[in-house]
Amino acid sequence: MNRAFRHFRRLEEGIKVALPTDENGLTGRECPKPECLGNFNVKFGTGLKGENLPCHCPYCGHIAPHDKFWTPEQNEYVHSIATNEVSKALKALTQDWDRDLRQRTKNSFIKMSMEFKGGHHPIRYYQEKQLETNVVCDSCTLEYSIYGVFAFCPDCGVHNSLQILHKNFELVEKEIVLAQNANDTELAKHLIEDGLENAVSAFDGFGRASCFAFADKASNKEQAKDISFQNIVNAKNRVQTLYGFNLAEPLDDEQWAFVARCFQKRHLLAHTMGVIDEDYIKKANDPSAVLGRKITIDAEEARQLINLLDIVGRNLHKSLSA
Ligand SMILES: [Zn+2]
Ligand SMILES: [Zn+2]
């Protein structure tokens, strides 16, 4: 009879199940934290190397071993394969016994046989979800995809806000180059203004996402999740109050005043088509400003803004994640 159990010995050694990936080779994951349950995909083998490394949820930052992040679909798939294998082994075992019984009772008065009546166990196939943003972590090279834009890297845990900021500033730089090469002065002006607005929007998105991600470190978590960076002077005060550091610290007074003025210019571009109002005169500290006239922005100004915001951004990211 022992021979018959060979079908199960194979199962005892464990069933290796290869999980299907999406078309780019990414495997789905789901945060086990009940309040989160966020879905993301990772490409195994592209990030940190080593055994038993933990996984970070890109959305809430929850850290747990990798095997806690299986999706319900993956669990069902693995379960259905295991059930199928057990069923197959039982069927094979029954057939062996049946053959044996028939052989032994061949010449006796009572004939014996055996039949396996196991049900059918379909494999629960699934497809990984297509998410919104593909990221290659610039700290550990992990390829992953997420909903939204901002995230912690599932492997090394570094928040990608600075990476996204740099990507956006590269686009602004391209706009500035386009403007400088444009023969049409109207178009050139438009591109520079657009570049300035985009630089401010990118920094606003970056600042908000960074403060949101590290809200736990703030003196008031809810307020930290709601800091706007469209007005950089207000943002500086809020960061000082909630996180206890100076956003302007890496710049000298003149550089900070320049940044603040650029943000005021963005405000005019967004709300008055660039026409100078009293609020601008009061706040922008711009000696060339004349009420009712249009503000001017040149390529070097826009370029200087992204250089300075890069310095402020790096410092904000470092201070928050320290
Ligand atoms: Zn989570
Ligand atoms: Zn990483």
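**View 1. Four strands form an open antiparallel sheet in the order β1-β2-β6-β5.** Strands are DSSP runs (E, at least two residues), helices are DSSP runs (H or I, at least four residues), and both are numbered from the N terminus. Two strands pair if DSSP finds at least two bridges between them. The edges are held by β1 (27-30) and β5 (133-136), each with a single partner strand, so one side of each has no neighbour in the sheet. From one strand to the next, the twist averages 30 degrees. This is a predicted model, in which local features need pLDDT of at least 70 and side-chain atom pairs count only at pLDDT 80 or more, while totals for chains, interfaces and linings use all residues. Residues are numbered from 1 along each chain as its sequence is written, and chains are lettered from A and ligands numbered from 1 in the order in which they are written.

**View 2. β5 pairs with strand β6 (residues 143-146) in the antiparallel sense.** Four bridges join β5 and β6. Asn134 has Ser145 of β6 as its bridge partner.

**View 3. Helix α3 (residues 161-181) packs with helix α4 (residues 185-213).** The angle is about 175 degrees and the axes are 9 Å apart; axes are lines fitted to C-alpha atoms, for helices over the stretch in contact, and angles run from 0 to 180 degrees between N-to-C directions. That angle makes α3 roughly antiparallel to α4 (under 35 degrees is roughly parallel, over 145 roughly antiparallel, 65 to 115 roughly perpendicular, the rest oblique).
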